[in-house]
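Here is a short tour of one protein model. Keep the sequence and the 3D view open as you read.

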Amino acid sequence: MAQFSLIPADEATELADDIRRLFDELSRTLPREHRVFSGECHPPLDVLETDDAVEISVDVAGVPAEALRVLFRGGIVLIVGEKAPPAGSGELTYQLVEREFGRFARAVRLDGAVNAGGAKATFRDGELVIVLPKIVDRRGSTQRIPVTLATEPRT
């Protein structure tokens with residue numbers, strides 16, 4: 001069974017360049033109505049392990065698919081995005097504000113072998129689901145190496 005640990009934003013200094021690059025990309029490509037110019041939000045996530053895969057589910061209601069980026073590097077899944085507040089018309093006076101808006105970066109460290117090339121990220125009904133197929137990690141296990149008879153002399 002693989003072990004998982006969340007990486008708090010203040011401890012993710014090794015991911016800072018990736019996060020900055022992804023936010024820059026969002027700044028260049030998102031339409032103005034999906035952009036965020038202040039704020040920070042923290043979408044909740046779950047990590048589930050099955051026999052065949054590791055699945056990360058992130059609640060991103062109100063975030064369009066084009067405002068999400070997912071990156072895998074060195075055993076860490078990085079999820080970056082922007083959640084813009086709803087467009088208001090005229091002067092608004094809020095009586096209660098509980099929803100968060102702004103940029104976010106979530107990182108999940110996976111301790112186990114996964115096939116990042118076979119990973120899929122699917123967005124549906126306000127939920128981003130990232131599935132990383134597991135592979136057999138053979139490091140540290142015993143592997144038998146068959147001995148064959150050489151037919152030609154060594155040169």
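## Aspartate 18 and its neighbours

Leaving aside residues up to four places away in sequence, aspartate 18 touches Leu71, Arg73 and Leu78. Contact here means heavy atoms within 4.5 Å. Aspartate 18 lies in helix H1. Helices (H or I, at least four residues) and strands (E, at least two) are DSSP runs, numbered from the N terminus. Aspartate 18 counts as buried because its relative accessibility is 7%. Buried means under 20% relative accessible area, exposed means over 50%, and partly exposed is in between (1.4 Å probe, protein chains only).

## About the model

This is a predicted model, in which local features need pLDDT of at least 70 and side-chain atom pairs count only at pLDDT 80 or more, while totals for chains, interfaces and linings use all residues. Residues are numbered from 1 along each chain as its sequence is written, and side-chain values use heavy atoms, with hydrogens and water left out.

## Salt bridges

A salt bridge is a side-chain nitrogen of Lys or Arg within 4 Å of a carboxyl oxygen of Asp or Glu. By this rule the count is six. One of them joins the side chains of aspartate 18 and arginine 73 (2.6 Å, N to O). This pair links distant parts of the chain: aspartate 18 is in helix H1 and arginine 73 in strand E4 (residues 68-73), 55 residues apart. Arginine 73 is partly exposed, at 48% relative accessible area.

Arginine 69 and glutamate 25 also meet through their side chains in a salt bridge (2.6 Å, N to O). Arginine 69 sits in strand E4 and glutamate 25 in helix H1, so the pair ties together parts 44 residues apart in sequence. Another salt bridge joins the side chains of lysine 134 and glutamate 49 (2.6 Å, N to O). Here lysine 134 is in the segment after E8 and glutamate 49 in strand E2 (residues 45-49), 85 residues apart. Salt bridges that share partners also join Asp18, Arg21 and Arg73 into one network.

## The nonpolar core

Which residues touch the most other members of the largest nonpolar core? They are Ile56 and Ile79, in a core of 28 residues. Helix H1 (16-29) and strands E3 (53-59), E5 (76-83), E6 (102-111) and E8 (127-133) each supply at least two residues of this core. E5 gives the most, with five. A nonpolar core is a set of buried Ala, Val, Leu, Ile, Met, Phe, Trp, Tyr and Cys residues joined through side-chain atoms within 4.5 Å.
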